[in-house]
Amino acid sequence: MSFPKNFLWGGATAANQYEGGWQEGGRGIAVHDLMTDGTKDEPRRIYCQNDQGDEVTIQQGECIPFGYRGILKEGYYYPSHQATDFYHHYKEDIALMSEMGFKTYRLSISWTRIFPNGDDEEPNEEGLRFYDQVINELRKYNIEPLVTILHFDMPLHLATKYGGWKDRRLIDFYLRFARTLFERWKDKVTYWITVNEINVLGGYWTLGLASNHRKTGTHSNQGETPLEDAGIKLQSIHYMLVASALANKMARKINPNFMLGTMCALSGIYPATCHPDDVFGAYEFRRKALLYSDVTMRGYYPNYAQAIFDEYNFHLEMEPEDEKILRENTSDYLAFSYYRTTAFDRNSPNTTTTGGQQASPNPYLKKTPWGWPIDPEGLRFVLNELYDRYQKPLFIVENGMGNIDVVEEDGSIHDDYRIAYLRDHIKEMKKAVEIDHVNLLGYTTWGCIDIVSAGTGEMKKRYGFVYVDLDDKGNGSLKRMKKDSFYWYKKVIESNGEILE
Ligand code: BG6
């Protein structure tokens, strides 16, 4: 046994990090357009202002203080505006993907390109036409589009006017967006992901949330402490879960052959020692990441959800029909990102409600230059963990190593570290398929053509097989250059994962 013949090899990107063209084709402003660049040590920021002209800055994951709005500030660099300009390079880039033999390409749709404000009645035809061209180009090369409807994206207008996903009306705006895409590409796209990393509880950036814990007066339904912020996030994610289930329901009516996926950040977590508190601590920590796939794959909030809600002193508000919606519209497959593992140490638990990525490091593992532990065997572990739990097909839709690449004088780029990382992960993935009989639909590496880092806003943290000439401040020709890994991945795909050296 080896990888199935129709195994979907490919690569993945997201509009906010790749597309650019931020003011072209009638596109509206998204919250991520207000995010500055950053570094490993200097977080990306959003500058905010109130009506009196007072300014505050917020960082990724934080909520905007109530009464403030995000602004663009002179003299700062905003990486998403141009990103690596897929908007103008899609033909060239898709040709490169085809040259590598991609069977699939995972892209996301910019919400504001289709609905510039998010609550518009009618979609922006020019925006749809852009993606028509992209999808037709993919089809031309027999590359299966894998479409993420929402990837770290929030129309600024929805954040400002409604406070983002805190407002239940967002469900309808999202569904209008989703319906437009499902209907438009019902015969051209089979694989969908409703929301990227739904278990990563962003603040203003992804959920569009305002809060009051920075103290700017009081307002009902706004958090006044970080704990209340966590509650607002949990409630917002509930609306997103309902939206995602309703999108599944709607999609199945439009085309019963659609494959509808949930996507979660599910890099792994181990106990730091065999001390029982580390073991149970790691288990509890992991369940914070699994909560959302439990809901979307099984169709209900699991028993332990209440323990998490109690920790945040949170009471979940449900409409009477919500339970039925969740139960009847589970996803067909679970897509996930896997980059690393971390360890849960009872002495420094550093708990988080997200994908288990912020715990203590593991001394047995080497790290990337950005400090992410490298753990190929952890991928086999996670594939088994998830397949045991859900018994539904899995799809690895993000995996890869962010690293600094050097262009030699002759234009070559020797990224042997990337080849080693991917090769070792593919070997483990192969064991999970061949030995453990995990049902895996495909594998798309992250940032297949270089894109801006979501976490740091840097360009130098590169994941791609194709180098894009652009630096951290947006200087460069945007020229595309093949790295050594380009030729290597081509062979991997050609041999359906048999040739890995
Ligand atoms: C995932 C996101 O969490 O990690 C991507 O879905 C992101 O959007 C990726 O780019 C890698 O993170 P970073 O910070 O290295 O870009």
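Over the face of which residue does Lys461 lie? In this predicted model, Lys461 is placed over the face of Trp372, at 3.9 Å from the ring centre.

**Figure 1. Charged side chains over aromatic rings.** The view of Lys461 shows this residue over the face of Trp372, 3.9 Å from the ring centre.

Figure 2. Eight strands form a closed barrel with parallel pairing, in the order S1-S6-S7-S8-S10-S12-S14-S15. From one strand to the next, the twist averages 25°. Trp192 has Leu260 in S10 as its bridge partner. Helix H6 (residues 170-184) packs on the sheet and touches strand S7 (144-150), S8 and S10. The direction of helix H6 makes about 165° with that of S7.

Figure 3. Across the whole structure, a search finds 37 aromatic pairs. In one of them, the ring centres of Phe115 and Phe177 are 6.4 Å apart and the planes stand at 90°, so the pair is edge-to-face. Phe115 belongs to the loop between helix H3 (111-114) and helix H4 (125-140), and Phe177 to helix H6; the pair therefore ties together parts that are 62 residues apart in sequence. Both Phe115 and Phe177 are buried. The rings of Phe152 and Trp205, with centres 5.2 Å apart and planes at 50°, form a tilted pair. Because Phe152 lies in the loop between S7 and helix H5 (156-162) and Trp205 in helix H7 (residues 204-207), this pair ties together parts that are 53 residues apart in sequence. Phe152 and Trp205 are likewise buried. One aromatic cluster is formed by Phe3, Phe7, Trp9, Phe102, Tyr443, Phe465, Trp488 and Tyr489.

**Figure 4. The surroundings of Asp405.** Asp405 is located in the loop between strand S14 (394-398) and helix H13 (416-434). Its relative accessibility is 8%, so Asp405 counts as buried. The side chain of Asp405 makes a polar contact of 3.2 Å with that of Arg418. A further polar contact, of 2.5 Å, links the side chains of Asp405 and Lys483. When neighbours within four places in sequence are left aside, the residues in contact with Asp405 are Ile413, Asp415, Tyr417, Arg418, Arg462, Tyr467 and Lys483.

Terms used
Residues are numbered from 1 along each chain as its sequence is written. This is a predicted model: local features need pLDDT of at least 70, side-chain atom pairs count only at pLDDT 80 or more; totals for chains, interfaces and linings use all residues. Side-chain values use heavy atoms; hydrogens and water are left out. Two strands pair if DSSP finds at least two bridges between them. Helices (H or I, at least four residues) and strands (E, at least two) are DSSP runs, numbered from the N terminus. Axes are lines fitted to C-alpha atoms, for helices over the stretch in contact, and angles run from 0 to 180 degrees between N-to-C directions. Contact means heavy atoms within 4.5 Å. Rings of Phe, Tyr and Trp (its six-membered ring) pair if their centres lie within 6.5 Å; planes under 30 degrees apart count as stacked, over 60 as edge-to-face and the rest as tilted. Buried means under 20% relative accessible area, exposed over 50%, partly exposed in between (1.4 Å probe, protein chains only). A charge sits over a ring if NZ of Lys or CZ of Arg is within 6 Å of the ring centre and within 35 degrees of the ring normal. A polar contact is a pair of N or O atoms within 3.5 Å; within protein, one must be able to donate a hydrogen and the other to accept it, and residues adjacent in sequence count only if both atoms are side-chain atoms.
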